[in-house]
Amino acid sequence: LKFVSELRHALTALSLWRHRRRYPVVAREMRADDVEACSIASWYHLFPRGVTWKTRFVALDEAFVQYLSADGVAVGGDGGEEDDSWSGSQAECASFPEVEQRIDAVIEDLGPVLPKLNWSSPKDATWMLQFPCQSSRDVLMMLKASDYIAHDVAHAFDFCPEQRRPEFHLALRRWHRLNAPG
């Protein structure tokens with residue numbers, strides 16, 4: 001019964017969130033709790049095992065979230081030769097070895113993954129790299145290049161009277177090809 005109640009709350013909040021632009025006037029104001037209920041980290045554990053794709057979560061610290069909200073796409077190298085194909089000043093590449101190690105460990109466990117921040121996946125950044133992501137560098141590039149991810153970081157609570165800073169989680173979901181060729 002608790003499962004059904006929590007799932008109903010999450011689905012109602014998700015419906016309000018998805019239709020906020022089409023229907024600007026809703027029956028009640030969007031609360032911060034409603035927005036957080038739509039976060040994958042809030043509802044994923046409600047499903048029994050085997051009902052949805054395997055997902056592992058990586059908690060993100062404030063420095064990494066600030067990196068996601070900064071302009072530009074610069075991802076640290078893989079330790080090989082320095083790429084000097086960019087002319088002009090060298091952009092300083094951020095490095096997050098702890099986060100990268102956790103991402104690589106999940107990829108080693110699950111195989112190729114689809115990254116998702118609390119609410120959105122970087123589906124608008126496929127011009128950078130085709131899914132699935134095979135390494136932490138792929139994941140970081142997809143997150144940095146996505147406007148959906150930038151929106152999650154900067155504007156998640158814009159329609160709420162109370163503003164708060166959420167705990168950001170990176171959900172790494174096992175990749176499945178849904179429309180297999182053939």
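Two strands pair if DSSP finds at least two bridges between them. Keep that in mind, as the tour comes to a sheet soon. The model on your screen is predicted.

**Stop 1: the whole chain**

Show the protein chain as a cartoon. Count seven helices and three strands. The elements run α-α-α-β-α-α-β-α-α-β. The chain has 182 residues, and 36% of them count as buried. Turn to the contacts between residues at least 6 apart in sequence. Of these, 74% join residues at least 24 apart.

**Stop 2: the sheet**

Select strands E1, E2 and E3. In what order do the three strands lie? The order is E1-E3-E2, in an open sheet with antiparallel pairing. Colour E1 (55–59) and E2 (113–116). These two strands stand at the edges, and each has a single partner strand. One side of each is therefore left without a neighbour in the sheet. Look along the sheet next. Neighbouring strands are turned by 25 degrees against each other on average, direction ignored.

Zoom in on E1 and E3. How many bridges join E1 to E3? Five bridges do, and the two strands run antiparallel. Pick out Arg56. Leu172 in E3 stands opposite Arg56.

**Stop 3: helix H5, across the sheet**

H5 lies across E1, E2 and E3. Compare directions: H5 runs at about 175 degrees to E1.

**Stop 4: H5 meets H6**

Two packed helices are described by the angle between their axes and the distance between the axes. Here the axes of H5 and H6 come within 8 Å and cross at roughly 115 degrees. That makes H5 roughly perpendicular to H6.

On the H5 side, select Glu100, Ile103, Asp104 and Ile107. They meet Ser136, Val139 and Leu140 in H6. What classes of residue make up the contact of H5 with H6? Four are nonpolar, one is polar and two are charged.

**Stop 5: helix H4 and its buried side**

Select helix H4, residues 62–69. Which residues of H4 are buried? They are Phe64, Val65, Tyr67 and Leu68. These residues cover an arc of only 155 degrees around the axis, which puts them on the same side of H4.

Keep H4 and H6 on screen, and hide the rest. The two helices pack at an angle of about 55 degrees, with their axes 8 Å apart. H4 and H6 are therefore oblique to each other. Show the side chains of Phe64, Tyr67 and Leu68 in H4. They meet Leu140, Leu143 and Lys144 in H6. By class, this contact of H4 with H6 has five nonpolar residues, no polar ones and one charged residue. Note Leu140: this residue of H6 also takes part in the contact with H5.

**Stop 6: His9**

Move to helix H1, residues 2–18, and find His9 there. Ala37 is 28 residues from His9 along the chain, and their C-alpha atoms are separated by 7.5 Å.

**Stop 7: Ser121**

Go to the loop between E2 and H6, and select Ser121. Ser121 counts as buried because its relative accessibility is 18%, and buried means under 20%. What does Ser121 touch, not counting residues up to four places away in sequence? The list is Pro115, Lys116, Ser146, Tyr148 and Ile149.

**Stop 8: Pro166**

Finish in the loop between helix H7 (147–155) and strand E3 (169–174), where Pro166 is found. Pro166 is buried, with a relative accessible area of 11%. Show what Pro166 touches, again not counting residues up to four places away in sequence: Glu36, Asn118, Trp119 and Phe157. Last, select Ser39. Ser39 and Pro166 are 127 residues apart along the chain, yet 9.7 Å separates their C-alpha atoms.

Notes. Residues numbered from 1 in each chain as written. Predicted model: local features only at pLDDT ≥ 70, side-chain atom pairs only at ≥ 80, totals over all residues. Heavy atoms only, no water. Helix = DSSP H or I, 4+ residues; strand = E, 2+ residues; numbered from the N terminus. Buried < 20%, exposed > 50% of the residue type's maximum accessible area, 1.4 Å probe, protein only. Contact = heavy atoms within 4.5 Å. Arc of directions from axis to C-beta. Axes fitted to C-alpha atoms, helices over the stretch in contact; angles between N-to-C directions. Parallel < 35°, antiparallel > 145°, perpendicular 65-115°, else oblique. Nonpolar A, V, L, I, M, F, W, Y, C, P; charged D, E, K, R; others polar.
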